[in-house]
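Student: I've got a model open and I'd like to learn how to read its strands and ligand sites. Can you walk me through it?

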Amino acid sequence: MKTILVTGGAGFIGSNFIRYVFEKSGFKGRIVNLDKLTYAGNQENLSDVAREYEGRYVFVKGDICDYALLGRLFKKHRFDAVAHFAAESHVDRSIFGPKDFVETNIHGTFALLEAARRAWPGRRDVRFHHVSTDEVYGSLGRTGKFKETTPYAPRSPYSASKASSDHLAMAYHHTYGLPVTISNCSNNYGPYHFPEKLIPLVVLNALEGKPLPVYGDGNQVRDWLYVEDHCAAIWLVMRRGRPGGTYNVGGGSEKRNIDVVKGVCAALEELLPSAENPALKGRGYADLITFVKDRPGHDRRYAIDFGKLRRELGWKPSVSFAEGLRRTVAWYLANPEWVRSVKTGEYRKWLQKNYRR
Ligand code: NAD
Ligand code: TYD
């Protein structure tokens, strides 16, 4: 691969992926990052990478739904791979306003597939990698894990839009021979995670002495994966995965939400004891835990069987949940400027207008 188009590279996982590819994979080529910079996109996620890899890193502000732009970019840069991250990604937001999810996740993926199909007629030496989620499989009971063969049963507008885009991507493989791979991954966490998602929200609220909202009874289970392990899996699948293959990626780390929140509080007590944080006014971080109204249609449990990826490509997670959580909390403590910048601007405006929980 010489030139990769990364979409959504200014978001959480996309920016970690670009950093991983430049710094840890041995890749010698160029990356073009196409991102619309929605409330969730932040160029500061990659300001150091942009400096360090000047000439090999190009940022383009634009929408994946823009056919003309995509056509121009494919022509100009002659991509030989696409890593497609761009999406509306937050389940709660999809409940309040699903339209953007249909636009970007379905129409945007379609536009990108069309651009790739037109630019790469008959080519086998290229790769279109579509980044997706385990949420397409729906909700599990107490036992069992999602396999690649589990039927799709999405239950939120977010997961329905991702399921739809997965089907389109695979249809382009079967119908047009486009060399597509898909990865379906469990919940990620780590640096640059936008603070509307559970872990960063809890870290930042706790630091300010604000309530830590736990939806419903807090017994919902998610399978957590440190973001860099996800990036390594995507890179592996892009290079060595079989065209037409889908690969589940997971952390082997099932946790109840309430235990995740308690884990964040424990990591904070270790790194910045509440007794030394004036915002806590004598309370411990865990005293801030507050049970709130549940999310409508809240999926009960996700768990991933990543045996196929382990057997075929030798991948497994390398960072334990305890270690990943400690690294993540330490990162947020060390980066108050980043936190300030993402919590102002478009995100704040959106929160004030829409978020009434
Ligand atoms: P994110 O919300 O942090 O980032 C999304 C990025 O896409 C942002 O930079 C945003 O500006 C950009 N974007 C949105 N709409 C766009 C458009 N129309 N055109 C161009 N750019 C646009 O999301 P994330 O958590 O980094 O997730 C990235 C991908 O990984 C998504 O496809 C998501 O479904 C998938 N995924 C996420 C998780 C997770 O735990 N976060 C798990 C599995 C899969
Ligand atoms: P989230 O980070 O939104 O990821 P997803 O919905 O894609 O799994 O939420 C993770 C879990 O945490 C999910 O079960 C919802 C729950 N949750 C809370 O209990 N409180 C919160 O404030 C948030 C944002 C999520």
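Predicted model: local features only at pLDDT ≥ 70, side-chain atom pairs only at ≥ 80, totals over all residues.

Student: Which way do the side chains of S5 point?

Tutor: In a regular strand the side chains alternate between the two faces of the sheet. Strands and helices here are DSSP runs numbered from the N terminus (strands E, at least two residues; helices H or I, at least four). In S5, Arg127, His129, Val131 and Thr133 point one way, while Phe128, His130 and Ser132 point the other. S5 spans residues 127–133, and seven of its seven residues are buried, meaning under 20% relative accessible area with a 1.4 Å probe and protein chains only.

Student: Which strands pair with S5?

Tutor: Two strands pair if DSSP finds at least two bridges between them. S4 (residues 81–84) pairs with S5 in the parallel sense over four bridges, with Val82 opposite Phe128. S6 (residues 180–185) is also parallel to S5, over six bridges, and Ile182 in S6 is the bridge partner of His130. The chain gets from S5 to S6 through helix H6 (residues 157–176), in a right-handed β-α-β crossover. Right-handed means that, with the strands pointing away from the viewer, the path from the first strand over the helix to the second runs clockwise.

Student: What about S4, is it buried or exposed?

Tutor: Both of its faces are covered: Ala81 and Ala83 on one side, Val82 and His84 on the other, are all buried. S4 also runs parallel to S1 (residues 3–7), joined by four bridges, and Thr7 stands opposite His84.

Student: Where is Ser159, and what does its side chain reach?

Tutor: Ser159 is in helix H6, and its relative accessible area is 0%, so it counts as buried. A polar contact is a pair of N or O atoms within 3.5 Å; within protein, one must be able to donate a hydrogen and the other to accept it, and residues adjacent in sequence count only if both atoms are side-chain atoms. The side chain of Ser159 reaches the backbone nitrogen of Arg155 at 3.2 Å.

Student: On to the ligands. Which residues come nearest to ligand 1?

Tutor: For a shell, a residue counts as near if one of its heavy atoms lies within 4 Å. Ligand 1 has 28 residues around it, and Ile13, Asp35, Ser89, Tyr158 and Lys162 come nearest. S5 turns up again here, giving the largest share of that shell with three residues. One nitrogen atom of ligand 1 is 3.0 Å from a polar backbone atom of Ile64.

Key. Residues numbered from 1 in each chain as written. Chains lettered and ligands numbered in written order. Heavy atoms only, no water. Buried < 20%, exposed > 50% of the residue type's maximum accessible area, 1.4 Å probe, protein only.
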